[in-house]
Structure formats: C-alpha cells, structure tokens
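Hello,

Please find the structure we talked about below. My notes on it follow.

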Amino acid sequence: MVAAPPSSDLRRKDRIVRYKPYVPKEGEDPMSEYMNLLAMLFSMCGLMMRFKWAAWAAVYCAFIGFSNSRSSEDTKQIFSSFMLSISSVVMSYLQSPTPMAISYFS
C-alpha cells in the first residue's frame, strides 16, 4: 500500500453528504410504536420476573398502542403485543393466584 503525502486530501468533495435529522411528516405520531415496545418490555418483565404490576402495565400499554395505531400499520405486531401482554397476566396469576398486594398502604 502506498502512503499518500500528508498534504493531499484523498476525500472526494462530490461524495460528501451533510447529515439531515429526520423530521416527521405532518400527521405521523410514533406513540403507537412506543406503546407497543413498552407493552412488550412490560410483558417480558411480567413473564420472567413474575411482576403482576408489569403484566397489567403491559396490557395498558398494548391497549393504548392499539387505539393509537393507524390502519396501515402492521397488524401482526400489534396483535402479538396484545397477546403477549394478555399471556403475561394469565401466567402471572396462574403461578401465584393471590391478588396483587398494594405495598403503599401496608
């Protein structure tokens, strides 16, 4: 490999593209994607760590994500998020059928 002299710049000026941050279009709201992600995270916490509050938060986030979604979005992802959150609630109550204890008042 031949080293270039230190004074010459090998970068091509015509290939440099300046970074432009993404600006959402009018009417785009990423709320449903965020809520679907939160629903999946909370449902995994509910399933793996047996937190009932996380399972119920997953159901809540999945419902908000479903209600804010557009009809053109991927319905499989929304359905899987909703079913995962429901299954985390069911599995957390099958493993421990006692009601969720509220630790604030005890």
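A crossing of two helices is called left-handed if the near helix is turned anticlockwise from the far one by less than a right angle, and right-handed if it is turned clockwise. By that rule, helix 2 and helix 3 cross in a left-handed way. Please keep in mind that this is a predicted model.

Overall make-up

The protein chain has three helices and zero strands, and its pattern along the sequence is α-α-α. Of its 106 residues, 22% are buried. If we take contacts between residues at least 6 apart in sequence, 65% of them join residues at least 24 apart.

How the helices pack

Two packed helices are described by the angle between their axes and the distance between the axes. I go through the pairs in turn.

Helix 2 and helix 3 have axes 9 Å apart and pack at an angle of about 160°. Angles over 145 degrees count as roughly antiparallel, so helix 2 is roughly antiparallel to helix 3. On the helix 2 side, the contact is made by Lys52, Ala55, Trp56, Ala58, Val59, Ala62, Phe63 and Phe66. On the helix 3 side, the residues include Ile78, Phe82, Ile86, Val89 and Tyr93. By class, this contact has 12 nonpolar residues, four polar and one charged.

Helix 1 and helix 2 have axes that come within 7 Å and cross at roughly 160°. These two helices are therefore roughly antiparallel as well, and helix 1 passes helix 2 in a left-handed crossing. Among the residues in this contact are Met35, Leu38 and Phe42 of helix 1 and Trp53, Cys61 and Ile64 of helix 2. The contact of helix 1 with helix 2 counts 14 nonpolar and six polar residues, with no charged ones.

What is the angle between helix 1 and helix 3? The axes of helix 1 (residues 31-49) and helix 3 (residues 75-95) cross at roughly 25° and come within 9 Å. Angles under 35 degrees count as roughly parallel, so helix 1 and helix 3 are roughly parallel to each other. This crossing, too, is left-handed. Helix 1 contributes residues including Met40, Ser43, Met44 and Leu47, which meet residues of helix 3 including Leu84, Ser87, Ser88 and Met91.

Helix 2 on its own

Helix 2 (residues 52-68) has 17 residues, and from its first C-alpha to its last it reaches 24 Å, close to the 24 Å expected at 1.5 Å a residue. Its buried residues are Lys52, Ala54, Ala55, Ala57, Ala58, Val59, Cys61, Ala62, Ile64 and Gly65. Helix 1 and helix 3 are included in what covers them.

Two single residues

Is asparagine 36 buried or exposed? Asparagine 36, in helix 1, is buried, with a relative accessible area of 3%. Leaving aside residues up to four places away in sequence, asparagine 36 touches Gly65, Gln77, Ile78 and Ser81.

Most residues other than glycine have a negative phi. Arginine 50 has a positive phi of about 60° although it is not a glycine. Arginine 50 lies in the loop between helix 1 and helix 2 and is exposed, with a relative accessible area of 57%.

Regards

Definitions and conventions. Residues are numbered from 1 along each chain as its sequence is written. This is a predicted model: local features need pLDDT of at least 70, side-chain atom pairs count only at pLDDT 80 or more; totals for chains, interfaces and linings use all residues. Side-chain values use heavy atoms; hydrogens and water are left out. Axes are lines fitted to C-alpha atoms, for helices over the stretch in contact, and angles run from 0 to 180 degrees between N-to-C directions. Helices (H or I, at least four residues) and strands (E, at least two) are DSSP runs, numbered from the N terminus. Angles under 35 degrees count as roughly parallel, over 145 as roughly antiparallel, 65 to 115 as roughly perpendicular and the rest as oblique. Contact means heavy atoms within 4.5 Å. The expected span of a helix is 1.5 Å times one less than its number of residues. Buried means under 20% relative accessible area, exposed over 50%, partly exposed in between (1.4 Å probe, protein chains only). Ala, Val, Leu, Ile, Met, Phe, Trp, Tyr, Cys and Pro count as nonpolar, Asp, Glu, Lys and Arg as charged, and the others, Gly among them, as polar.
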